[in-house]
Amino acid sequence: MLAVSHLLADVESFGDKLRYTEHSRGHRTGTHAGAGPVVVWSVTRSCNLKCMHCYANSENKKYEGELTTEEALGLIDEMAAMKVPVILFSGGEPLVRPDIFELAEYAIGKGIRITFSTNGTLIDQETARRIKEMGVGYVGISLDGIGQVHDYFRQKNGAFDAAIRGVRNCMAQGQKVGLRFTMNRHNIEQLPLIFDLMEEEGIQRACFYHLVYSGRGSLEDDISHEETRQALDLIFSKAQEFTRRGIQKELLTVDNHADGVYLYMKALEQDKEKAASILNKLQMNGGNRTGIAICNIDHLGNVHPDQFTPSITFGNVKMTPFRDIWHGTHPVLEGLRNRKPLLTGRCSQCKYLDICNGNFRSRALAVHGELWAEDPACFLTDEEIAPGPAREAAGL
């Protein structure tokens with residue numbers, strides 16, 4: 001996750017403390033020394049929608065084998081003992097799980113920050129009030145276009161209106177809420193309209209996701225490298241524009257660590273001092289931290305590197321304590337924590353490897369059939385990543 005507004009305009013948020021501090025530099029089993037990873041917990045696979053690019057292949061039906069309430073509460077105890085800083089409740093649609101508020105309240109009581117990743121359609125006024133009162137840190141609502149474009153992705157008429165109602169209901173309660181927009185070839189022309197919507201509705205935060213090839217999302221649905229660069233140019237310029245106008249907005253990009261390199265290169269063209277600050281923070285972050293500072297636990301209790309790599313499982317929390325799985329010796333887990341010698345192709349020789357860390361392994365696996373191959377979504381040119389010190393261009 002690249003905090004564009006923070007890096008370009010010093011806009012602060014909770015996550016920046018986990019991403020861009022000396023405490024995070026070089027740590028291999030959590031966000032920082034003494035802490036566990038951020039856990040993306042797919043508490044259910046069930047969903048009231050059937051989105052075209054869903055990484056979990058979720059549908060509106062019941063899936064057997066989900067963790068019981070007792071098992072889930074026990075897992076939260078384990079995560080609290082490991083000092084997991086954040087649980088992101090995901091799915092499926094987490095709000096369809098009957099005990100979701102019991103789980104959230106319990107985790108908050110244990111000192112864990114809770115966020116929801118939701119389609120927003122189930123957030124009525126009462127639900128929004130309850131989310132706010134229990135102390136949920138953030139609600140991310142997926143929105144992949146305006147009006148019928150969003151409905152097309154969700155395969156349900158009225159999904160856009162319902163999601164916007166969810167956003168408004170959260171805002172009316174003073175609950176921090178933002179948008180999650182997954183960029184792909186079916187909606188990339190909608191990107192400027194998302195910024196218009198943010199201003200019209202007073203929405204303060206938006207995360208722009210790169211497509212990961214998992215579940216119903218595939219390489220064929222992705223945008224070109226040139227389109228990616230154009231989209232990032234717009235996101236970067238909007239972050240700066242909002243700051244110039246004195247408007248508080250938080251913009252982030254997610255799931256492509258080449259974004260950090262591109263932001264650094266763009267900053268070099270305008271302000272070398274700012275570029276040096278960006279480079280330093282990117283080096284502290286260390287790039288992709290799948291299997292290091294983030295992991296996924298699915299609805300069955302299986303532990304994965306992230307939510308996009310369900311084919312790789314380190315263990316199951318029903319049978320083995322989460323701590324033992326996370327601190328175990330699974331060869332892929334050990335590889336992710338020291339991946340640089342294993343990487344092949346363009347990634348292995350990239351001069352920005354220290355601030356990208358090989359980008360997304362799940363895309364490499366999906367396209368090349370090899371976990372350590374180059375990420376096909378890297379949009380940087382061979383000339384831009386040619387071997388040589390990354391700091392030379394800044395004159396540092």
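Predicted model: local features only at pLDDT ≥ 70, side-chain atom pairs only at ≥ 80, totals over all residues.

Biologist: Why is the pair Tyr152 and Phe153 called edge-to-face?

Modeller: Two values decide the matter. The ring centres of Tyr152 and Phe153 are 5.8 Å apart, and rings pair if their centres lie within 6.5 Å. Their planes stand at 75 degrees, and planes over 60 degrees apart count as edge-to-face. The pair therefore meets the definition of edge-to-face.

Biologist: What makes Tyr262 and Phe379 an edge-to-face pair, and where in the chain do the two residues lie?

Modeller: The centres of the rings of Tyr262 and Phe379 lie 5.6 Å apart with planes at 85 degrees. The angle is over 60 degrees, so this pair too is edge-to-face. Tyr262 belongs to helix H10, whereas Phe379 is in the loop between helix H16 and helix H17. The two residues are 117 residues apart, and the pair thus links distant parts of the chain. Both Tyr262 and Phe379 are buried.

Biologist: How many aromatic pairs does the whole structure hold, and which residues form an aromatic cluster?

Modeller: The search finds eleven aromatic pairs. One aromatic cluster is made up of Phe181, Phe195, Phe208 and Phe242.

Biologist: What makes you say that Arg205 lies over the face of Tyr138?

Modeller: Arg205 is 4.4 Å from the ring centre of Tyr138, and the limit for a charge over a ring is 6 Å, with CZ of Arg also within 35 degrees of the ring normal. Likewise, the charged end of Arg337 sits over the ring of Trp326, at 4.5 Å from its centre.

Biologist: Why are S7 and S10 called edge strands?

Modeller: The open sheet has ten strands in the order S7-S6-S5-S4-S3-S2-S1-S8-S9-S10, with mixed pairing. S7 and S10 each have a single partner strand, so one side of each is left without a neighbour in the sheet.

Biologist: How do you know that S1 and S2 pair?

Modeller: Four bridges join S1 to S2, and two strands pair if there are at least two bridges between them. The two strands run parallel, and Val39 stands opposite Ile87 in S2.

Biologist: What makes a space a cavity and not a pocket?

Modeller: In a cavity a 1.4 Å probe fits but cannot get out, whereas a pocket is open. The structure holds five cavities of 30 Å³ or more. The largest cavity has a volume of about 870 Å³ and is lined by 39 residues, with Met1, Arg19, Val38, Leu88 and Ile294 nearest its centre. S3 gives the most to this lining, with four residues. The lining comprises 17 nonpolar, 13 polar and nine charged residues.

Biologist: Which residues lie nearest the centre of the largest pocket?

Modeller: Tyr55, Ala56, Asp298, His299 and Pro310 do, among 16 lining residues. The largest pocket has a volume of about 260 Å³, and its lining divides into three nonpolar, ten polar and three charged residues.

Methods
Residues numbered from 1 in each chain as written. Heavy atoms only, no water. 1 Å grid on protein atoms, 1.4 Å probe; cavity = no way out; pocket = protein on both sides within 12 Å on 5 of 7 lines; lining within 4 Å. Points joined across faces, edges and corners; volume = space filled by probe spheres on them. Nonpolar A, V, L, I, M, F, W, Y, C, P; charged D, E, K, R; others polar. Phe/Tyr/Trp six-rings, centres within 6.5 Å; stacked < 30°, edge-to-face > 60°. Buried < 20%, exposed > 50% of the residue type's maximum accessible area, 1.4 Å probe, protein only.
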